[in-house]
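The sequence and the structure are shown first.

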Amino acid sequence: MARTLYDRLNEIKTKHLSPQSATGEKIANDAIEEKHIKDGVVTRRKIADGVVGTDELVDGSVSAVKIASKAVTNDKLQSASVTNEKIADGSITSGKIVAGAITTEKIANGAITREKVADQSVRTEDLVDGAVTNAKLANNAVTASKIAANAIGSSEIQSGAVGSSELAVGSVSTEKIQNGAVTQEKLAAGIGGGDRFTFGTLLTGLGSADVLYLTGISADIPYTAFDLSPWIPAQAKAVILQLGMFNQAFATGRAFFRVRTNTDQRDALGLGLIPGANSQVANQGIVPLVVGTGPRTIEYALESVGGPWSATLTLYITVVGYIM
């Protein structure tokens, strides 16, 4: 069996050399080869500082326990060598993120919630056109100052929404009134130089209305009250009436049909019929009324003049209009 250099030297030392006679200068350069070194005799203190280089390290021999705490500095890390799995959960704090490093593609869809948005941070230019819908507007949020001049057209105004209280004083000018829209009922008393005449009645619109029609009359009729309120407004100053009388079989005397407003008047309007005259007569005129006294009442009567009469008559009263 081949002996090692150590064994040989030990033998020489034992047999031929005195103690400490095999010094370093006695050994030639490069004389000690790997085969001359006994396994396990090269300890840490036998290795000079700085002599173990990269070539002396076996691949994979530097394990985690061989690396001193905080020994791996920034310059020891290869570019892009720290991958996602090397980073512990929650270890990247805000101070570790470079300003401007978080770009759009780094933010997950839906990740920015309301609490992540700072107050007053959303500006006009950050809103997509048309993004503010009706549902996004709080009740009463659109004040007058938020509405642009001339922004509200006729289509934005609800039908019937503009009443008299919404119209400014003097805002209805001549060009705003449709031709023919101002009827006689819309004119106040005194407009046009005096009272105004309204043709027709409240119930029938334009046109006259027969309000009383009596047939087969052969005797006098005492003054009888008749209410014109269904046809005449309370503000009317006078009513325009037409009285009519038909001669069905007139024989003798003279009959006189009349109306009045009160007992102080002999009559306000009347007409008479005698034998040999026209078989029918009519008369139209103005009967004054007292404004604001309640019902629009007149009195009518049929009387003989200069003696009794003999006939069978038909009588009528027609409202032609009134004066305001």
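## Charged pairs at partly exposed and exposed positions

Arginine 123 has a relative accessible area of 47% and is therefore partly exposed. The structure discussed here is a predicted model. The side chain of arginine 123 meets that of aspartate 126 in a salt bridge, with an N to O distance of 3.1 Å. Aspartate 126 is partly exposed as well, at a relative accessible area of 40%.

A further salt bridge links the side chains of lysine 76 and aspartate 75, with 3.9 Å from N to O. Here both partners are exposed: lysine 76 has a relative accessible area of 58%, and the value for aspartate 75 is 61%. The count of salt bridges in the model comes to 5.

## A buried salt bridge between strands

Glutamate 299 and arginine 260 form a salt bridge in which the closest N and O atoms are 2.6 Å apart. Because glutamate 299 belongs to strand β8 and arginine 260 to strand β5 (residues 255-260), this pair ties together parts that are 39 residues apart in sequence. Are these two residues buried or exposed? Glutamate 299 is buried, at a relative accessible area of 18%, and arginine 260 counts as buried at 12% relative accessibility. Both values fall under the 20% cut-off for a buried residue.

Salt bridges with shared partners also join Arg123, Glu125 and Asp126 into one network. The pair of glutamate 299 and arginine 260 can be described in another way too: their side chains make a polar contact at 2.6 Å.

## The nonpolar core

The largest nonpolar core contains 35 residues, and those with the most contacts inside it are Leu228, Leu241, Leu302 and Leu313. Two or more residues of this core come from each of β2 (209-217), β3 (221-227), β4 (238-247), β5, β6 (269-273), β8 and β9. In soluble globular proteins, nonpolar side chains tend to be buried together.

When its neighbours within four places in sequence are set aside, leucine 241 is in contact with residues including Leu228, Val259, Leu269, Val287 and Ile298. Its contacts also include Ile317, Thr318, Val319 and Val320, as well as Asn283, Gln284 and Gly285.

How many of the 11 residues of β9 are buried? The count is 11 of 11, so β9 is largely enclosed by the rest of the structure.

Strand β9 pairs with β4 in the antiparallel sense over 10 bridges. Within β9, isoleucine 317 is the bridge partner of leucine 243. Strands β2 and β9 also run antiparallel, joined by 6 bridges. Tyrosine 213 stands opposite tyrosine 316 in β9.

Where is threonine 312 placed? Threonine 312 lies in the loop between β8 (297-304) and β9 (313-323). Threonine 312 counts as partly exposed because its relative accessibility is 29%.

Key
Residues are numbered from 1 along each chain as its sequence is written. This is a predicted model: local features need pLDDT of at least 70, side-chain atom pairs count only at pLDDT 80 or more; totals for chains, interfaces and linings use all residues. Side-chain values use heavy atoms; hydrogens and water are left out. Helices (H or I, at least four residues) and strands (E, at least two) are DSSP runs, numbered from the N terminus. Buried means under 20% relative accessible area, exposed over 50%, partly exposed in between (1.4 Å probe, protein chains only). A salt bridge is a side-chain nitrogen of Lys or Arg within 4 Å of a carboxyl oxygen of Asp or Glu. A nonpolar core is a set of buried Ala, Val, Leu, Ile, Met, Phe, Trp, Tyr and Cys residues joined through side-chain atoms within 4.5 Å. Contact means heavy atoms within 4.5 Å. Two strands pair if DSSP finds at least two bridges between them. A polar contact is a pair of N or O atoms within 3.5 Å; within protein, one must be able to donate a hydrogen and the other to accept it, and residues adjacent in sequence count only if both atoms are side-chain atoms.
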